[in-house]
Amino acid sequence: MCFESAIRVACMIGSGLCLAGNQTVKLMKKDVKMAYGLLVLFFSLLLLVIVYWGGKYLNFASNFINCPNDVSLDVCLGLSAVYRLSAVLAFVHLIVGLCCLTRDGFAKAVNEGLWGIKILLTAGLFIGSLFIDNKVFEPYARASIYLGGVFLFVQAVSLIDAFYLWAEFWAKKFDDGNNCYGCLLIFTSLLMYALTGFFVYLGFKNYWSQGCFSNRMLLIIPVIFVIAFTVLIILRFHPKGSIITSGAISIFGAYLFWAALISNPDEKCNPDYSSKTNMFIQIGFSYFFAFMCNLYWSLSTKPSSAYQSANLPAPAATEGDSELETKAEQENKNAPQETNLIKHDNTPEQYEEYENNSYLKFHCFMVLFSVYICAVFTNWGHATVSEDSSRNWNYQVRGDSSPYYIKVFIGIFTFGLYLWTIVAPTLFPDRNFDT
């Protein structure tokens, strides 16, 4: 009796694992963009471990990387690993993107399959790069600061559209009679404004300094914009505006201005220029917003109604994507339901999704995302891994103000673009934005 029961339990577990595996494969095929984002997230978490705790395990590479003698070897090896893995991830996405140019079965096979090979290729190239001198990667590391700014620009445009889509989805659920979404709307909005207040508080507490006019301007500007957004939304200046979108953009913008303040190389106006805590906070929030952006690029097929009314192009949406999605959903709906665990796919190969630029645009985005890793984990060229400043090492000359101005520009651009989406349809109702 016990043996029979054990066999039945084993069969049930086996069937469950088979079904889970089958569903996982289907998910990977459907959400291949999400899989790429998760892969980058995995390697990024690995980098976080290496930078803060695992540099000592790379001592074998010290004979090739050539770290300076007057700095901590563990810190140097950890940060050297950052821009090596960043460059490898960018290279892998570039190769996959180039393969998508064939727009046929080869593109589909490389893009949607060969995951084991792609993971092994990434790991192999990273290990091989540890035997290359730092000087080879220093130009890439310096370029990552400016390419990281390009990523922030793409991220700002993407997140505004993403937050509009999010608000529209929840509003539709509430309008359809699901009152739980009303509570979610209120709670989430309050939480986002609280987080915005957190960054504003940190800014005023630490950087409202006598004689630092630029600091005071960067502290006042986001407050003015946040108040303006909230008032315009409450007054229904934009018929499709949402307090959730306003709150989300307020957090992102306030974070960018705070990140700019901690990147100011003038230590009179920025006493926390070498703060380990601020670097860790920046890594966390940078990756939160970057992964939100990856979700948008993975799931979005059409622009939000706000972007459409303002005639703004959505970065992730490609002409034909929504129609292909609808066609696929209809085919799945009309397909006969099978009960067997092992299913046979007899449909002919389809490459419509490779005939437009959807995957090409996505892999360009992922190349920028991979380069952005280098900027984030090296604190935009001024990494502070240890509280002891004598143990830290930076691959750039101390005092570079480029990250400061890049973040200020992107912060102002983000608030300005969002304000435009609110006021443009109302102020210019008869204007043809296409011309």
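Me: At what angle do the axes of helix H7 and helix H15 cross?
Reply: Roughly 125°. This is a predicted model. H7 covers residues 134-175 and H15 covers residues 358-377, and their axes come within 7 Å.

Me: What does that make H7 relative to H15, oblique or roughly parallel?
Reply: H7 is oblique to H15. The crossing is left-handed.

Me: Which residues meet there?
Reply: From H7, they include Tyr140, Leu147, Phe151 and Val154. From H15, they include Phe365, Leu368, Tyr372 and Cys374.

Me: How many of the contact residues are nonpolar, polar or charged?
Reply: The contact of H7 with H15 has 14 nonpolar residues, three polar and no charged.

Me: New topic. How many disulfides does the structure hold?
Reply: One. Cysteine 212 and cysteine 269 form it, with sulfur atoms 2.1 Å apart.

Me: What parts does the pair tie together?
Reply: Two loops. Cysteine 212 lies in the loop between helix H8 and helix H9, and cysteine 269 in the loop between helix H10 and helix H11. So the pair ties together parts that are 57 residues apart in sequence.

Me: Is the disulfide left-handed or right-handed?
Reply: Left-handed, because the torsion about the S-S bond is about -95°.

Me: And are cysteine 212 and cysteine 269 buried or exposed?
Reply: Cysteine 212 is buried, at 2% relative accessibility. Cysteine 269 is buried too, at 6%.

Conventions
Residues are numbered from 1 along each chain as its sequence is written. This is a predicted model: local features need pLDDT of at least 70, side-chain atom pairs count only at pLDDT 80 or more; totals for chains, interfaces and linings use all residues. Side-chain values use heavy atoms; hydrogens and water are left out. A disulfide is a pair of cysteine sulfur atoms within 2.5 Å. Helices (H or I, at least four residues) and strands (E, at least two) are DSSP runs, numbered from the N terminus. Buried means under 20% relative accessible area, exposed over 50%, partly exposed in between (1.4 Å probe, protein chains only). Axes are lines fitted to C-alpha atoms, for helices over the stretch in contact, and angles run from 0 to 180 degrees between N-to-C directions. Angles under 35 degrees count as roughly parallel, over 145 as roughly antiparallel, 65 to 115 as roughly perpendicular and the rest as oblique. A crossing is left-handed if the near helix is turned anticlockwise from the far one by less than a right angle, and right-handed if clockwise. Contact means heavy atoms within 4.5 Å. Ala, Val, Leu, Ile, Met, Phe, Trp, Tyr, Cys and Pro count as nonpolar, Asp, Glu, Lys and Arg as charged, and the others, Gly among them, as polar.
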